[in-house]
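Please read it alongside the sequence and the coordinates.

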Amino acid sequence: DMAMAHRWENAVKHIESVNPNDWKQAILEADIILDDLLTKLGYRGESVGEKLKRVNPGDMKSLNDAWEAHKVRNQIAHEGSGFSLDQHVARHVLNRYRKVFEEFYYI
């Protein structure tokens, strides 16, 4: 999906910044892509968390990666500037999203 790949590239670009707010932005954007992927796969729910709860672990090898990445996204969303994030952790979180997208040939 070219549009998805483009959105993913934009998210990843933020990680190269020196600004921690950009790293947070990268994770927030990756989570929106995850939300779209889950919807395309047919999972319904009000949130990414609700959709992930409906996934059978056998249907998604990267389910744990999705959950762990999404948890960090929630901390960013809820704590905002109070949530400190280092670049190493941010890259690790993006790599978890990457595993999910690659499993479904989404990027």
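**Notes on a helix and an aromatic cluster**

1. In this predicted model, the N-terminal end of α2 is capped by N19, one of whose side-chain oxygens lies 2.8 Å from the backbone nitrogen of N21. Beyond the helix, α2 is followed by G42, which has a positive phi, near 100°.

2. Helix α2 covers residues 20-40. Its 21 residues should span 30 Å at 1.5 Å a residue, and the end C-alpha atoms are 31 Å apart, so the two values agree.

3. The buried residues of α2 are W23, K24, A26, I27, A30, D31, I33, L34, L37 and L38. Against which helices do the buried residues of α2 pack? They pack against α1 (2-15), α3 (48-53), α4 (63-79) and α5.

4. Three aromatic pairs are found in a search of the whole structure. In one of them, Y97 and F101, the ring centres are 6.3 Å apart and the planes stand at 25°; because an angle under 30 degrees counts as stacked, this pair is stacked. Y97 and F101 are four residues apart in helix α5 (residues 87-103), and are therefore separated by about one helical turn.

5. Both partners of that pair are enclosed: Y97 counts as buried at 1% relative accessibility, and F101 counts as buried at 0%. F101 also pairs with Y106, with ring centres 6.3 Å apart and planes at 50°, so that pair is tilted. Y106, at 6% relative accessibility, likewise counts as buried.

6. W8, Y97, F101 and Y106 together form one aromatic cluster.

How values were computed. Residues numbered from 1 in each chain as written. Predicted model: local features only at pLDDT ≥ 70, side-chain atom pairs only at ≥ 80, totals over all residues. Heavy atoms only, no water. Phe/Tyr/Trp six-rings, centres within 6.5 Å; stacked < 30°, edge-to-face > 60°. Helix = DSSP H or I, 4+ residues; strand = E, 2+ residues; numbered from the N terminus. Buried < 20%, exposed > 50% of the residue type's maximum accessible area, 1.4 Å probe, protein only. Expected span 1.5 Å × (residues − 1). Contact = heavy atoms within 4.5 Å. Polar contact = N/O pair within 3.5 Å; in protein donor to acceptor, adjacent residues only side chain to side chain.
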